[in-house]
Amino acid sequence: MRESIAFWAILCKDMKTYYLKPPNISWGLLFPISWTLMFFIRTQSAIDIKELLPGVMGLSILFGATSMLAVTITFERKSRSFERLLLAPISLNILMLAKTSGAILFGIVNALVPVFFASFLIDLSGVDWVVLFLAIVLIAATSTFLGLYIAVSASEVFEAQTFSNFFRFPMMFLCGLFIPVENLPAWLQPVSYCLPLTYGADMLRGAINGTTMFSIMDEFLILCVFSMGLFWYSTQNIKKKWIQ
């Protein structure tokens with residue numbers, strides 16, 4: 001079997017089967033859209049919307065990508081269809097990349113929802129679209145691989161969603177999405193710097209508002225390391241718990 005064909009077949013199957021599952025609709029679509037409308041409707045000036053946009057985008061990606069993985073992996077583990085995929089003549093890395101690519105795309109699409117609403121309210125001509133898209137992809141990747149780590153540790157969808165919230169809700173307040181990291185208590189700031197979304201949100205802020213805590217290149221490298229580390233750790237857990 002050609003791995004490229006297998007990759008595409010798994011990706012298309014997941015997109016067709018799981019995108020409209022209730023957990024994805026509630027956590028992945030309705031929740032980010034509700035947050036977007038809540039923040040943008042209550043905001044009266046354009047500069048406020050521009051300051052809020054990076055945080056709302058990061059929140060949309062985080063909830064969308066992690067919800068997608070929690071659904072796909074746990075549903076297939078319960079129905080034992082994931083075990084059949086493990087028997088397919090393709091490498092585990094290709095299999096898991098195929099399973100996670102749909103969630104990454106889901107997160108990217110979610111990030112465009114706030115941009116769509118903001119485009120009717122403010123002028124986005126000064127946005128660095130290359131850095132913005134790069135930040136969206138990297139946040140989607142790290143959020144997806146975080147969701148993969150969570151899904152490997154859960155056996156039911158509700159368990160995965162509950163476990164996801166253990167990470168997602170603290171990250172809403174610790175990663176500089178709406179409260180700048182420098183305004184957090186000193187003892188909490190080191191925790192913020194250990195979370196990948198901190199650097200992704202800062203990249204979004206740099207692309208939209210032109211201000212960052214670190215250089216874009218440093219944040220790009222940090223997010224790549226987080227992505228590769230989470231993916232490697234999750235695949236090792238799969239080998240340990242589900243294969244051996």
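Trainee: What percentage of the 244 residues of the protein count as buried?

Mentor: This is a predicted model, where local features need pLDDT of at least 70 and side-chain atom pairs pLDDT 80 or more, while totals for chains, interfaces and linings use all residues. Numbering runs from 1 along each chain as its sequence is written, and side-chain values use heavy atoms, without hydrogens and water. Buried means under 20% relative accessible area with a 1.4 Å probe, protein chains only. Of the 244 residues, the share that counts as buried is 52%.

Trainee: How many helices and strands make up the secondary structure?

Mentor: Helices here are DSSP runs of H or I with at least four residues, and strands are E runs of at least two. Along the sequence the pattern reads α-α-α-α-α-α-α-α-α-α. The totals are 10 helices and 0 strands.

Trainee: Which helix supplies the largest share of the lining of the largest cavity?

Mentor: A cavity is a set of points on a 1 Å grid over the protein atoms alone where a 1.4 Å probe fits but cannot get out, and lining residues have an atom within 4 Å of a point. The lining consists of Leu 62, Thr 142, Ser 143, Leu 146, Met 171, Pro 196 and Leu 197. Helices H6 (129-152) and H9 (196-209) each supply at least two of its residues. The largest share, 3 residues, comes from H6.

Terms used
Buried < 20%, exposed > 50% of the residue type's maximum accessible area, 1.4 Å probe, protein only. 1 Å grid on protein atoms, 1.4 Å probe; cavity = no way out; pocket = protein on both sides within 12 Å on 5 of 7 lines; lining within 4 Å.
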